[in-house]
Structure formats: structure tokens, C-alpha cells
Amino acid sequence: MPAPKVHSPEEATPYDLSSLLHLPASEERIRRFVDMMIAEEKKPGKRSWMAEVLPYLTMLSSAPAAGEKGPSVRFRLEVQHVHSNAIGHMQGGCVSTLLDYVTSLSLGLMNEPGFWFFLGVTRTLTVTLLRPIPIGEVIVIEGEVVHAGRRLANLRGRITRESDGAVLAVCEHEKVNSDPPASVIPVEKSKL
């Protein structure tokens, strides 16, 4: 089987596996996925609700599983007016969206075709907002894999204020693996 064609983020979509399959589960694959989603949002007729979040989201770091701690990712965002409610605080749905998205991306540090490659679908997402998040606040969104089995995963997330580390929101996120069997995904093993 020939090696998959590698597309640039401008050519690819988040659903174009050939542009991600050659990469090992890593921060680079997560960054490429986010870049592809941003590029997709710029295409005529393709704009979605994520168009108001992704341009402001910056990946800070990732960490592989270590001891009792699962793989984790950290992103930064400065809250914009478009993220807010009528009283100038980040709207609860936007908080939930950020936590859903970032916790899901933490699976990208351990996934492979057939095992969380598509990052699954949400089963439950429980978000607790602890403090208001005003327009202009710079926040850090963290996602961590607590456990990922063959069919179900449990993820944890939190949002903190960048300036002092105060916890602003937390979540527990359960996901169901929606991947087809690895045998139906045309993949050559990475040589990396």
C-alpha cells in the first residue's frame, strides 16, 4: 500500500485522515488537527460555532502519561466579547465547549487508529463554574486523560486564571470510542 498523501492544513479537513495518520500520537498531531479545523472554518459555507473559539486558542504544552497522571494538554485563551453573555462574563456554553474540546484533545497524546483516533463522542460532560470569567481575562484550559479503555474514557478538565492560577471552572467528561476497527483504516505504521 502506498504511503498516505500528506496535506497541508490549508488543503486538509479535520476528517482527512491521511494528513494525520503518519504522525505518532503527539503534540504535533494535536497542533495539526487544530490548524486543520481553523483552516476548515475559513472555507465558504463551512463556518461553525467553533469559528469564534479556535482563532483565540493557543496550545501551551502537553505531557505524556507519567506515574498516576494521564496524558494532558494545556491551552491559553483571552476571553473576547464574542465569548460573553450580556453582563460581560464568559457564557457557560462557551466554558463547556472549551472544556469539551480541550479534554478531548488530551486523547491525542495516546490514540492510534482503532483506539480513540477520532477522539470519541461525549457521553456525559459535567461542568462546574466556580467564578465568573470576564471579558479580557486570560485563561488556561487544561485537559487530562484519567482513564481510557477500549470503549470508554474518563477525562478531567479545568480552567484557571493565568495571572494567579485561581480555578474558575472544572469538568468531568466521559466519552465513548467511535472509531471503526483499525483493520478498516488504511494505515502504514509510522517510521518515526
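Where is Leu119 found? Leu119 lies in the loop between α2 and β3. The views below start from the central strand pairing and return to this loop.

All views show a predicted model, in which local features need pLDDT of at least 70, side-chain atom pairs count only at pLDDT 80 or more, and totals for chains, interfaces and linings use all residues. Residues are numbered from 1 along each chain as its sequence is written, and side-chain values use heavy atoms, with hydrogens and water left out.

View 1. Strand β4 covers residues 138-148. Helices (H or I, at least four residues) and strands (E, at least two) are DSSP runs, numbered from the N terminus. Eight of the eleven β4 residues are buried, so the strand is largely enclosed by the rest of the structure. Buried means under 20% relative accessible area, exposed over 50%, and partly exposed in between (1.4 Å probe, protein chains only).

**View 2. The partners of β4.** Two strands pair if DSSP finds at least two bridges between them. Strand β2 (residues 72-78) runs antiparallel to β4, joined by seven bridges. Here Arg74 has Glu142 of β4 as its bridge partner. Strand β5 (residues 152-161) also pairs with β4 in the antiparallel sense, over nine bridges. Ala148 has Ala153 of β5 as its bridge partner. A hairpin of three residues links β4 to β5.

**View 3. The largest nonpolar core.** A nonpolar core is a set of buried Ala, Val, Leu, Ile, Met, Phe, Trp, Tyr and Cys residues joined through side-chain atoms within 4.5 Å. The largest one holds 40 residues, of which Leu77, Met90, Tyr101, Ile139 and Ile159 touch the most other members. At least two residues each come from α1 (27-41), β1 (57-63), β2, α2, β4, β5 and β6 (167-176). Helix α2 gives the most, with seven residues.

**View 4. The surroundings of Ile159.** Contact means heavy atoms within 4.5 Å. Neighbours within four places in sequence are left aside. Ile159 is then in contact with Val95, Leu99, Ile133, Ile139, Val140, Ile141, Ala166, Val167, Leu168 and Ala169.

View 5. Most residues other than glycine have a negative phi. Trp116 is not a glycine, yet has a positive phi of about 65°. Trp116 sits in the loop between α2 (92-106) and β3 (121-129). Trp116 is buried, with a relative accessible area of 0%. Leu119 is not a glycine either, and its phi is positive at about 70°. Leu119 is buried, with a relative accessible area of 11%.
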